[in-house]
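Here is a briefing for a first look at this structure. It goes topic by topic, in short points.

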Amino acid sequence: QVQVVESGGGLVQPGGSLRLSCAASGTIFHIYAMNWYRQGPGKQRELVATITGNGGTYYVDSVKGRFTISIDNAKTTVYLQMNSLKPEDTAVYFCNADVNSNSRRGNYWGQGTQVTVSS
């Protein structure tokens, strides 16, 4: 079993920064990708950023140049550095782990962390 826990959300003023963390634990044989999704009020969940097991990255157009996804050397914690935050970035941010656990590929989700951008 794989556990995914996010942290680092909060209230920030427009133009400010936050760093989200996502810790994945359990029996992980291989990481295909670690993803950050978000779901704003009245909106569908959307993919924000991805980092693959070999270090490739993807960002949705609305966050390019402002958000950076990274992973620690042990590949157990993924970060989302969010700069120049805008009110439209307000959402619950979810971490998703696409991994091989016990010889099976699966998707594991965290509980989400609230990010509110407001003056």
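**A loop residue to start with**

S103 sits in the loop between strand 9 and strand 10. Keep in mind that this is a predicted model. The points below begin with that loop, then turn to a sheet, a nonpolar core and a set of salt bridges.

- S103 has a positive phi of about 70°, although it is not a glycine.
- Is S103 buried or exposed? S103 counts as exposed, because its relative accessibility is 62% and the exposed class begins over 50%.
- N102 is also placed in the loop between strand 9 and strand 10, and strand 10 covers residues 104-109.
- N102 is not a glycine either, and its phi is positive at about 55°.
- N102 counts as partly exposed, at 45% relative accessibility.
- For background, most residues other than glycine have a negative phi.

**An open sheet**

- Four strands make up an open sheet, in the order 1-3-8-7.
- The pairing in this sheet is antiparallel.
- Which strands lie at the edges? They are strand 1 and strand 7, and each of them pairs on one side only.
- On average, neighbouring strands of this sheet are turned by 15° against each other, direction ignored.
- Strand 1 and strand 3 are an antiparallel pair with six bridges.
- Q3 has S25, in strand 3, as its bridge partner.
- As a general point, strands of a sheet pair through backbone hydrogen bonds.

**The largest nonpolar core**

- How many residues does the largest nonpolar core hold? There are 30.
- The members that touch the most other members are M34, W36, F67, I69, L80, M82 and Y93.
- Strand 1 (2-7), strand 3 (18-26), strand 4, strand 5 (46-52), strand 7, strand 8, strand 9 and strand 11 (113-117) each give at least two residues to this core.
- Strand 9 gives the most, with five residues.
- M82 has contacts beyond its neighbours within four places in sequence, among them L18, L20, F67, Y93 and V115.
- The contacts of M82 also include G16, S17 and R66.
- In general, nonpolar side chains tend to be buried together in soluble globular proteins.

**Salt bridges**

- The structure has five salt bridges.
- R38, E46, R66 and D89 are linked in a network of such bridges.
- R38 and E46 meet through their side chains, at 2.7 Å from N to O.
- E46 is partly exposed, with a relative accessible area of 29%.
- R38 counts as buried, because its relative accessibility is 6% and the buried class lies under 20%.
- R38 also forms a salt bridge with D89, where the closest N and O atoms are 2.9 Å apart.
- That pair links distant parts of the chain: R38 is in strand 4 (residues 30-39), and D89 is in the loop between strand 8 (77-82) and strand 9 (91-101), 51 residues apart.
- D89 is buried too, at 1% relative accessibility.
- R66 forms another salt bridge with D89, with the closest N and O atoms 2.7 Å apart.
- R66 lies in the loop between strand 6 (57-59) and strand 7 (67-71), while D89 lies in the loop between strand 8 and strand 9, so this pair ties together parts that are 23 residues apart in sequence.
- R66 is buried, with a relative accessible area of 10%.
- As background, side chains of opposite charge can pair when their charged atoms come close.

Terms used:
Residues numbered from 1 in each chain as written. Predicted model: local features only at pLDDT ≥ 70, side-chain atom pairs only at ≥ 80, totals over all residues. Heavy atoms only, no water. Salt bridge = Lys/Arg side-chain N within 4 Å of Asp/Glu carboxyl O. Buried < 20%, exposed > 50% of the residue type's maximum accessible area, 1.4 Å probe, protein only. Core = buried A, V, L, I, M, F, W, Y, C linked by side-chain atoms within 4.5 Å. Contact = heavy atoms within 4.5 Å. Pairing = 2+ DSSP bridges. Axes fitted to C-alpha atoms, helices over the stretch in contact; angles between N-to-C directions.
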